[in-house]
Amino acid sequence: MSAAIDVIGVGAGNALLPSGAAALARARRVAGSARLLAAVPLPEGAERIVLDGRLAERLAALPEGDLAVLASGDPLYCGVGGTLKRIMPAETQWRFHPAPTAFQELFARLGQDWSRARLFSLHGGKALPFRAVLRAPVAAVYGDAARPAPAIAAALVTAYPAASGRRAAIGCDLGLPEERVWTGTLAELAREPAAARSLSVLALLPDPAAEAAGPELPLGLPDEQYLHYRNMITHPEVRAVVLAKLRLPSTGVLWDLGAGSGSVGLEAAGLCPGLRVWAVEKDAGRLAQLRANLDREGLDNVSVREGIVGGLPEDLPRPCRIFIGGGGRELLERSFAALAPGGRLVMTAVTVETEALLGTFCPECRRELLTLSLARAEALGTGSCWRAENPIVIAVFEKDGEDE
């Protein structure tokens, strides 16, 4: 199919904007969900095509001609538009006709400026990034039938109880006769059973006091934040330095090898939502802790794999950043070989043997070699004294030019 396809957004109350109405009027075939096909007046004689799980197959089998696809709100925001562009042939021509989305309709009902809003969708079972949601001055969160707006409010309060008093709103069935809007605190909305509908959206409203007491930036969080084994975790100060030395990009792939609790990879993923983190660990017990820590943080840009050199999973995409929390020469050599040109590898060491390795490995690619020494005050009699911790060696390598 090489002819243009019109993708038409249907707004609140099943309304069409003028460009969408004009595109629909000239369509000879109209595809969409059964609900939208029944809600929108179709051109006389137009063929109706109910879309189901065989979306690409159904559309690809159609002959060329005037085709319109109906979508809810803006087709390119968590809608069928993005799906169509992924599954249809690259040469397909598109004309998109957006309508206001549910969150825009809700903010309009509230008279709320959403210029600084962050948008989140939990469709398809996505995790709830509670830190990012609660740190936003204004936010809109889309759920689904499995997680309607009250359930999302409850999950936010469970993940961060201090947010229970945050001002929020829920809009359901906006533009339809049964439309309802509730306002209150997150805790109050979590207990609103009438708002548990699939066509719902949760909005977090400006609340300076609540924002000031919101979740911490995911950088150097306390060790107690993570399940870990016998104090074997990259401690907060070291974690913060490592993340700084990695010079995290906004997108790309980070390997966290020998991830343990996953603290470095999880904080990198929380700081850079567009970064894809692959956490690799071989110990079954630590893998379970890593997965539990991931569930607690609610991040959907982290993948957990079992293995390590020489048994790295084969499906790991090529990294532009690598963190290794200790290891031997084989791990370092194979990891650096896998690193993309221009990428950075940061490795830490606590043993004399690993320190020696970092001091001799690929000196022409080493950008920094430093020791981080910490001492903490602890009680001694009626006063305090300093207790020194084991120094940590940190090496930073950068891969120049093309692969050999």
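I looked up the largest nonpolar core first. It has 29 residues, and V242, L246, V302, V346 and I394 touch the most other members. A nonpolar core here is a set of buried Ala, Val, Leu, Ile, Met, Phe, Trp, Tyr and Cys residues joined through side-chain atoms within 4.5 Å. Buried means under 20% relative accessible area, exposed over 50%, and partly exposed in between, with a 1.4 Å probe and protein chains only. At least two residues of this core come from each of α10, α11, β12 (275-281), α12 (284-297), β13 (302-306) and β19. Helices (H or I, at least four residues) and strands (E, at least two) are DSSP runs, numbered from the N terminus.

I note the basis of the values. This is a predicted model, where local features need pLDDT of at least 70 and side-chain atom pairs count only at pLDDT 80 or more, while totals for chains, interfaces and linings use all residues. Residues are numbered from 1 along each chain as its sequence is written, and side-chain values use heavy atoms, with hydrogens and water left out.

I then checked I394. Apart from neighbours within four places in sequence, I394 contacts V238, V241, V242, V346, M347, T348, E368, L369, L370 and L372. Contact means heavy atoms within 4.5 Å.

Next I took helix α10, residues 236-246. Its buried residues are P236, V238, R239, V242, L243 and L246. Down the axis of α10 they fall within an arc of 155°, so they line one face of the helix. The arc is taken from the directions from the helix axis to the C-beta atoms. I find that their cover includes β11 (252-257), α11 (263-271), β14 (321-324), β15 (344-349), β16 (366-372) and β19 (392-398). Just after α10, R247 has a positive phi of about 50°.

I searched the whole structure for disulfides and got 0. The cut-off is a pair of cysteine sulfur atoms within 2.5 Å. C272 is in none; its nearest cysteine sulfur, that of C320, is 10 Å away. C320 is likewise in no disulfide, with the sulfur of C272 nearest. I looked up burial as well: C272 is buried at 13% relative accessible area, and C320 counts as buried at 18%.

Last, I went to G143. It sits in the loop between β7 (138-142) and α7 (149-159). G143 is buried, at 5% relative accessible area. Leaving out neighbours within four places in sequence, I list H123, I152 and S200 as its contacts. The C-alpha atoms of G143 and L199 are 8.3 Å apart, although 56 residues separate them along the chain.
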